[in-house]
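Please look over the sequence and the model shown here before reading on.

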Amino acid sequence: MGMLVDGVWKDVWYDTKSTGGHFKRSESAFRNWVTADGAPGPSGQGGFKAEAGRYHLYVSLACPWAHRTLIFRKLMGLEEAISLSIVDYHMGENGWEFRGRDGGTEDHLNGADYLWQVYVAAKPDYSGRVTVPVLWDKKQNTIVSNESAEIIRMFNSAFAEVGGKGPDFYPEDLREEIDDINALVYDKINNGVYKAGFATKQDAYEEHVTELFDALDTVERRLTSNRYLTGDRLTEADWRLFTTLVRFDPVYVGHFKCNIRRIADYPALSGYLRELYQMPGIAGTVNMEHIKRHYYGSHDTINPTGIVPVGPELDLDAPHGRDRLAKAA
Ligand SMILES: N[C@@H](CCC(=O)N[C@@H](CS)C(=O)NCC(=O)O)C(=O)O
């Protein structure tokens with residue numbers, strides 16, 4: 001674990017001293033958008049037109065943020081159009097690295113050993129964290145974006161004319177509702193598990209773990225009468241929640257001490273998790289070995305022995321029982 005300072009790699013853990021034991025996530029630095037015609041998107045520079053074969057995605061199979069982008073690449077039929085490299089599950093003193101073992105790959109494109117080298121190739125004096133996912137442009141040899149929330153919107157809509165297919169997961173008429181639910185889910189659940197798990201003071205941990213479970217209770221109530229978060233249509237809000245839920249019982253309950261309840265204890269959330277997992281193509285994006293080995297093996301300050309627990313037994317293929325709620329539109 002570390003970061004780049006003026007293009008030089010430094011092995012440092014997150015600073016929680018200056019924030020009273022609270023983990024504060026940094027803003028993503030590369031915020032350009034691929035668009036259908038290459039016009040600038042909501043932020044950054046223009047010039048990134050959607051073209052088949054032009055873009056490359058770097059992911060970790062362990063990471064919930066990168067997992068979103070892998071799901072959208074799959075659901076929008078972009079596997080041929082957007083090539084992929086997968087970092088090793090272990091993140092050590094050099095940060096994310098390419099080792100080509102157990103489902104991880106080499107860096108097919110830039111030939112890097114470490115992901116930080118890809119960031120330096122894009123911006124030689126880059127300072128900041130080196131995170132996955134990364135969307136790389138082979139034409140301009142640079143990083144388009146390292147913000148998963150924005151990459152999934154690009155995959156959702158920019159590639160329709162170059163082979164992208166699939167439903168619209170961010171439909172006009174639901175945008176306000178999706179944005180509202182995303183705000184809660186991001187702050188209290190997706191990032192909430194990290195705020196609990198990376199806290200270094202008891203009161204900081206307790207504050208975030210309590211907020212996390214309040215938010216899970218809210219979402220459970222919503223999913224008791226709604227098939228999906230915004231009603232009967234599956235949207236990006238659901239996929240954003242899914243990548244945290246699927247990691248919850250195997251990792252966050254133990255490793256991040258998010259153990260007030262398990263997802264298995266929530267009837268609606270656990271059925272909903274199984275329904276999403278069982279949708280075509282999704283199980284193939286979930287690699288439980290990478291997920292467990294990464295978290296338990298890479299955070300020395302939390303789990304110094306690196307021992308990976310054997311359990312829990314999970315059966316994500318069990319019937320989900322969600323059919324009794326409204327059918328997907
Ligand atoms: N805002 C980013 C966050 C990505 C992120 O934090 N990824 C983690 C892996 S789960 C990472 O690469 N962390 C390395 C680090 O912070 O040094 C996004 O959603 O794309």
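## About the model

This is a predicted model, in which local features need pLDDT of at least 70 and side-chain atom pairs count only at pLDDT 80 or more, while totals for chains, interfaces and linings use all residues. Residues are numbered from 1 along each chain as its sequence is written.

## Helix α1

Helix α1 covers residues 64–75, and its 12 residues reach 16 Å from the first C-alpha to the last, close to the 16 Å expected at 1.5 Å a residue. The expected span is 1.5 Å times one less than the number of residues, and helices (H or I, at least four residues) and strands (E, at least two) are DSSP runs numbered from the N terminus.

Of the 12 residues of α1, 11 are buried, a term for residues with 20 or more other C-beta atoms within 10 Å of their own C-beta, placed from the backbone (12 or fewer is exposed, and in between is partly exposed). Trp65 and Phe72 are among them, and the buried residues of α1 pack against β3, β4, α3, α4 and α7. Just after α1, Gly77 takes a positive phi of about 65°.

## Two helix pairs

The axes of α4 and α7 come within 9 Å and cross at roughly 10°, which makes α4 roughly parallel to α7. Axes are lines fitted to C-alpha atoms, for helices over the stretch in contact, with angles from 0 to 180 degrees between N-to-C directions; angles under 35 degrees count as roughly parallel, over 145 as roughly antiparallel, 65 to 115 as roughly perpendicular and the rest as oblique.

The axes of α7 and α8 come within 10 Å and cross at roughly 105°, so α7 is roughly perpendicular to α8. Phe242 and Leu245 are among the residues of α7 in this contact, and Leu273 is one of those from α8.

## Ala196

Ala196 is found in helix α5 and is buried, because 25 other C-beta atoms lie within 10 Å. Leaving aside neighbours within four places in sequence, Ala196 is in contact with residues including Tyr205, Leu212 and Phe256, where contact asks for C-beta atoms, placed from the backbone, within 7 Å.

## Around the ligand

The ligand is surrounded by 15 residues, and the closest are Cys63, Trp65, Arg129, Thr131 and Ser148; a residue is near a molecule or strand if its C-beta atom, placed from the backbone, lies within 6 Å of it.

Technical notes:
Two residues are in contact if their C-beta atoms, placed from the backbone, lie within 7 Å.
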